Amino acid sequence: MEKQQCMERAGQSLYHIYNRFPVVFDRGEGVYLYDTDGVQYLDFGAGIAVMGLGYGCKELNDAVKEQVDKLYHTSNLFYNEPAIRAAEKLKAAAQMDRVFFTNSGTEAVEGALKVAKRYACNKGMGTDYEIIAMKHSFHGRSLGALSVTGNDHYQEPFAPLIPNIKFAEFNDLDSVKALFSEKTCAVIMETIQGEGGIYPADQEFLKGVRALCDKQDALLILDEIQCGMGRSGHMFAWQKYGVKPDVMTVAKALGNGVPIGAFLASGKAAFSALAPGDHGTTYGGNPLVCAAAERVLDLFEDWKLADHVNEIGIYLWEQLERLKDRCDGITAHRGCGLIQGLEFSAPAGPVVKEALLEQHLVLISAGSNVIRFVPPLIIEREHVDEMVQKLEAAIRAVEKSAAEA
Ligand SMILES: *Cc1c(COP(=O)(O)O)cnc(C)c1O
């Protein structure tokens, strides 16, 4: 299909929900994507922090192909071995007690919220319990996940949402304290806010929220869908803080593009919340996606990916600091490992577009003024160098056309 034809046909058939860039990707290899004209793109978006192992990972492809020929679905009315092995490996990586597999991040958040509600219900808290979430957070687009997403623009057209959700300021412990009461059944937040602009939680904030939850017997739910799976330089970002959640959500990089998510629970949340019949999924945890997740988890270990992320993340940090020094339009730099963000004094959209169409560099924004760097975790220094050189060229081109306008 010609690119133009592709765009027209998409416009006539696919629901217009996304304003897409005029690029049709065809295949990928390592940290590079190729469009239908064979043009190569360096990818620092990884399909929104999904392709941790990069594209065309042979070891993963082999595992998926093998399972395709064996069995890919049976339902949760029966047992399957890939799900058991994937759950054991995920549990071990998180040092948590129980796993429930979902098809997406949003569904993992839905499940986590149900764990919190059920836990409160079992304690006889009635039904007017409250959940504290954070402003500028992102937890997904289904009605439950949207209810705890601190973004008025996303929420307003779909009101009323789930009641009794209160929004605190991220990294402001007093604002959480002010909302906490005997009705609070859970606090949900990202360990590192992703869509909101790459804001890592402060150590004292996370510790303080944990302590508040402990005091009230409320559950701490950490959403690690974006920042988990090695991206922070630890398998899960909370491990860097030494603050363990009662419930954690994962997805994105868990299947390296094969759609799978999960929520994990530990201690009381694992043993005195959901019971048989309380939750379910038809596809979730089927042998095909679990064979993928199992191999992904093996490869993370075999390749010592979290260590690699630590090392290369420092290099990325240094190079972005230098770029920030050279460019007046860059006002802040945040994050760690391979989840970093640069904030600009103007909307980042034009730079993202210029980088893609002229430099063949895939970048994604987070909020309006931030570019986030969430590349495949397998990048090397040479890819960082190539990215920074292309990004700077894009920034200069946008500056030049702004000056001419
Ligand atoms: C992407 C994301 C979600 C939603 O995941 P989906 O797979 O798109 O449903 C939830 N929380 C966070 C932190 C995310 O980054």
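Helices (H or I, at least four residues) and strands (E, at least two) are DSSP runs, numbered from the N terminus.

This is a predicted model, where local features need pLDDT of at least 70, side-chain atom pairs count only at pLDDT 80 or more, and totals for chains, interfaces and linings use all residues. Residues are numbered from 1 along each chain as its sequence is written, and side-chain values use heavy atoms, with hydrogens and water left out.

## Salt bridges

Side chains of opposite charge can pair when their charged atoms come close. A salt bridge here is a side-chain nitrogen of Lys or Arg within 4 Å of a carboxyl oxygen of Asp or Glu. By that rule, the count is 21 salt bridges. One of them joins Glu-29 and Arg-27, at 3.6 Å from N to O. Glu-29 is partly exposed at 48% relative accessibility, and Arg-27 is partly exposed too, at 44%.

Now look at Glu-294 and Lys-89, whose closest N and O atoms are 3.1 Å apart in a salt bridge. This pair links distant parts of the chain: Glu-294 sits in helix 12 (residues 287–302) and Lys-89 in helix 4, 205 residues apart. Glu-294 is buried, with a relative accessible area of 12%, while Lys-89 is partly exposed at 29%.

Arg-334 is part of strand 13 (residues 330–336), and it counts as buried because its relative accessibility is 16%. Its side chain has polar contacts (pairs of N or O atoms within 3.5 Å; within protein, one must be able to donate a hydrogen and the other to accept it, and residues adjacent in sequence count only if both atoms are side-chain atoms). The backbone oxygen of Gly-197 is 2.9 Å from a polar atom of the Arg-334 side chain, and the backbone oxygen of Ile-198 also lies 2.9 Å from such an atom.

Arg-334 also meets the side chain of Glu-343 in a salt bridge (2.8 Å, N to O). Glu-343 is partly exposed, with a relative accessible area of 22%. Elsewhere, salt bridges that share partners tie Glu-81, Arg-85, Lys-89, Glu-294 and Asp-298 into one network. Within that group, Arg-85 lies in helix 4 (residues 81–94) and is partly exposed at 32% relative accessibility.

Most residues other than glycine have a negative phi, and most peptide bonds are trans. Ile-48 isn't a glycine, yet it has a positive phi of about 60 degrees. You'll find Ile-48 in helix 2 (residues 46–49), partly exposed at 40% relative accessibility.

Ser-75 isn't a glycine either, and has a positive phi of about 95 degrees. Ser-75 is in the loop between helix 3 (58–70) and helix 4, and at 18% relative accessibility it counts as buried. As for peptide bonds, the one from Ala-159 to Pro-160 is cis, with omega near 0 degrees. Pro-160 belongs to the loop between helix 7 (152–155) and strand 6 (165–168).

Methods: Buried < 20%, exposed > 50% of the residue type's maximum accessible area, 1.4 Å probe, protein only.
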